[in-house]
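Q: I am new to this structure and would like to learn how to read its features one at a time. Could you take me through them, giving the general idea and then the case at hand?

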Amino acid sequence: MAKIIDGKAIAEEIKHELKQEIDAMKERGIEGSLAVIQVGTDPASSVYVSNKKKACEALGIRSESCELPEDVTEEALLRQIEIYNGNPRIDGILVQLPLPPHINEKRVLDAIDPTKDVDGFHPLNVGALLIGEKGMVSCTPAGVIQLLKRSGIEIAGKHCVVIGRSNIVGKPMAVLMLRENATVTIAHSKTKNLESLCRTADILIVAVGKPKMIKASYIKEGAVVIDVGIHRMENKKLCGDVDFEGVEPLASAITPVPGGVGPMTIAMLMHNVVLAIKEHYGL
Ligand code: NDP
């Protein structure tokens, strides 16, 4: 039977450590803050924004939200980002995605001061990750690394297959595993013989965005399986990209959905906010 990797508990552990750092900064008179920009009123986005603000509150980080109408112009949104970039009281800036189709997402993300880019999406931060320099790392892949390390799973020398090559999950995930000395293969929609490729993985990280696509036939016995996917099924329950029931008996360790990778994303966002505060105050 596989070890179930408890993302909720590990996320709590990380937030507890961050709270101690934040409390110590407060004793020195430093109060960090995060600005969250939301465009429109998409209910899913509103839930994500509210969860991020709650996480800030629980850790003692000030959060400020800026709600802009769905039809806001790109220029107005860019102006708001400039205001936050220039405001020394704002340490982190986050623009909730997706943005409406009339707004160029890339232009918006590129406009955020890289030292305040707590999502780690700015090209300078992405480049820093690639060449192994200091910078903000995309929260979900950074969370997967913490899940593996804090579960005592050895990464160095292991063959890791990452399914998915998106800019926010698959690509940074592969680079981070490489940084941890795994031998990494990236798979995507044009990959041939995906099933047999996955069966060569010691660590299989799935960010494919297809509910329960990865079945037992994709798994080498004893592999570690990390499921990044999140889907709401018709019965309202959540499931991942991995068929948990089928895969779990073969794996040595596996993340559940919910309660695996999901809670780590917000914990790592808080980690990036703390990094940004330290950077701004030269700590
Ligand atoms: P994207 O849709 O941007 O990327 C999916 C990737 O999977 C693409 O690279 C695509 O390949 C590849 N792919 C699609 N179909 C196949 C296939 N049949 N075989 C092999 N590869 C395939 O998704 P994201 O990276 O944004 O997200 C992935 C999943 O993670 C989603 O379920 C999302 O909801 C979840 N997620 C969870 C988060 C969390 O906090 N837990 C945070 C972010 C995402 P190609 O490039 O060739 O099109």
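A: Let us begin with the domains, whose bounds come from an automatic or database domain assignment. The model shown is a predicted one, and its protein chain is divided into domain 1, residues 29-125, and domain 2, residues 139-262.

Q: How many Å apart do the C-alpha centres of domain 1 and domain 2 lie?

A: The separation between the C-alpha centres of domain 1 and domain 2 is 29 Å.

Q: How should I read a sheet, and in what order do the strands of the open sheet run here?

A: In general, strands of a sheet pair through backbone hydrogen bonds, and the pairing can be parallel or antiparallel. In this model six strands form an open sheet with parallel pairing, and their order is β1-β11-β8-β7-β5-β6. The edges are held by β1 (3-4) and β6 (183-187), each of which has a single partner strand, so one side of each is left without a neighbour in the sheet.

Q: How many bridges pair strand β8 with strand β11?

A: Strand β8, residues 224-227, and strand β11, residues 253-254, are paired in the parallel sense over two bridges.

Q: Which residues lie nearest the centre of the second largest pocket?

A: The second largest pocket is lined by 16 residues, and those nearest its centre are Asn 125, Lys 134, Gly 135, Met 136 and Glu 279. Its volume is about 360 Å³, and its lining consists of eight nonpolar, three polar and five charged residues. Two helices, α5 (123-130) and α10 (262-281), each supply at least two residues of that lining.

Q: Which residues come nearest to the ligand?

A: There are 23 residues around the ligand, of which Arg 165, Ser 166, His 188, Ser 189 and Thr 265 come nearest. In the side chain of Arg 165, an N or O atom is 2.7 Å from an oxygen atom of the ligand, and for the side chain of Thr 265 the distance from an N or O atom to a ligand oxygen atom is 2.7 Å. A nitrogen atom of the ligand, in turn, lies 3.3 Å from a polar side-chain atom of Lys 210.

Q: What is the phi of Asn 181?

A: Asn 181, a residue other than glycine, has a positive phi near 70°, and it lies in the loop between α7 (170-179) and β6.

Methods:
Residues are numbered from 1 along each chain as its sequence is written. This is a predicted model: local features need pLDDT of at least 70, side-chain atom pairs count only at pLDDT 80 or more; totals for chains, interfaces and linings use all residues. Side-chain values use heavy atoms; hydrogens and water are left out. Two strands pair if DSSP finds at least two bridges between them. Helices (H or I, at least four residues) and strands (E, at least two) are DSSP runs, numbered from the N terminus. On a 1 Å grid over the protein atoms alone, a cavity is a set of points where a 1.4 Å probe fits but cannot get out, and a pocket is an open set with protein on both sides within 12 Å along at least five of seven lines; lining residues have an atom within 4 Å of a point. Grid points are joined across faces, edges and corners, and a volume is the space filled by probe spheres set on the points. Ala, Val, Leu, Ile, Met, Phe, Trp, Tyr, Cys and Pro count as nonpolar, Asp, Glu, Lys and Arg as charged, and the others, Gly among them, as polar. A residue is near a molecule or strand if one of its heavy atoms lies within 4 Å of it. A polar contact is a pair of N or O atoms within 3.5 Å; within protein, one must be able to donate a hydrogen and the other to accept it, and residues adjacent in sequence count only if both atoms are side-chain atoms.
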